[in-house]
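This report describes selected side-chain arrangements in a single protein model. The sequence and structure are shown first.

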Amino acid sequence: MKINKLSKINDLELPVCVFGVSLEQLTITKSTTMAKRDKGVHLRSGTNVYQWRIRVPKDLAHLYPDKAWACRHTLGTSNLAQANRLAAGLYATWLTKFDRQRKQLNPQPAQELTPELIQFLNRPVF
């Protein structure tokens, strides 16, 4: 962006852009909406530090006896945007872990026994 002159506002010389819009014509508004917490992100009681937690899925509850939460983890920050970024990584990690556990509990049967697979399974094991 090229600057073609300076505009003076409240004793400050500020640039005016090529488009010819002066800073006096711009309206700067402060956003009144706060960032939303991602799933599982909450403030720890009595502190200003965010924590992340994820519930045990119902179908995997037997793998986590006597636990409502699969994981509770401090995010070590009071910044919500940073907490949301950290929580996104933890959420992806735990979803992957849950998928892996489901696959171990429900192995898929072989689709087809090919001649090569039959030969491999019948080979001597000495």
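## Asn-84 and Lys-36

Setting aside neighbours up to four places away in sequence, Asn-84 makes contact with Lys-36, Arg-37, Asp-38 and Val-41. The model is a predicted one. Asn-84 belongs to helix 1, and its relative accessible area is 10%; because buried means under 20%, Asn-84 counts as buried.

Lys-36 is located in the loop between strand 2 (12-17) and strand 3 (41-43). Its relative accessibility is 72%, so Lys-36 is classed as exposed. Apart from residues within four places in sequence, the contacts of Lys-36 are Leu-80 and Asn-84. The C-alpha atoms of Lys-36 and Ala-81 lie 8.8 Å apart, although these residues are separated by 45 residues in sequence.

## Nonpolar core

The largest nonpolar core comprises 15 residues, and Val-41, Trp-52 and Trp-94 have the most contacts inside it. At least two residues of this core come from each of strand 4, strand 5 and helix 1. Helix 1 provides the largest share, with five residues.

Trp-94 touches Trp-52, Ile-54, Tyr-64, Ala-70 and Cys-71, when residues up to four places away in sequence are not counted.

## Aromatic pairs and cluster

Two aromatic pairs are present in the structure. One of them joins Tyr-64 and Phe-98 in an edge-to-face arrangement, with 6.4 Å between the centres and 85° between the planes. Tyr-64 lies in the loop between strand 4 (50-55) and strand 5 (69-74), whereas Phe-98 lies in helix 1 (residues 80-105); the pair therefore ties together parts that are 34 residues apart in sequence.

Both Tyr-64 and Phe-98 are buried. Together with Trp-94 they form one aromatic cluster.

## Arginine side chains over aromatic rings

Two arginine residues are placed over aromatic faces. Arg-55 lies over the face of Trp-69, at 4.2 Å from the ring centre. Arg-123 takes up a position over the face of Phe-120, where the distance from the ring centre is 4.1 Å.

Key
Residues are numbered from 1 along each chain as its sequence is written. This is a predicted model: local features need pLDDT of at least 70, side-chain atom pairs count only at pLDDT 80 or more; totals for chains, interfaces and linings use all residues. Side-chain values use heavy atoms; hydrogens and water are left out. Rings of Phe, Tyr and Trp (its six-membered ring) pair if their centres lie within 6.5 Å; planes under 30 degrees apart count as stacked, over 60 as edge-to-face and the rest as tilted. Helices (H or I, at least four residues) and strands (E, at least two) are DSSP runs, numbered from the N terminus. Buried means under 20% relative accessible area, exposed over 50%, partly exposed in between (1.4 Å probe, protein chains only). A charge sits over a ring if NZ of Lys or CZ of Arg is within 6 Å of the ring centre and within 35 degrees of the ring normal. A nonpolar core is a set of buried Ala, Val, Leu, Ile, Met, Phe, Trp, Tyr and Cys residues joined through side-chain atoms within 4.5 Å. Contact means heavy atoms within 4.5 Å.
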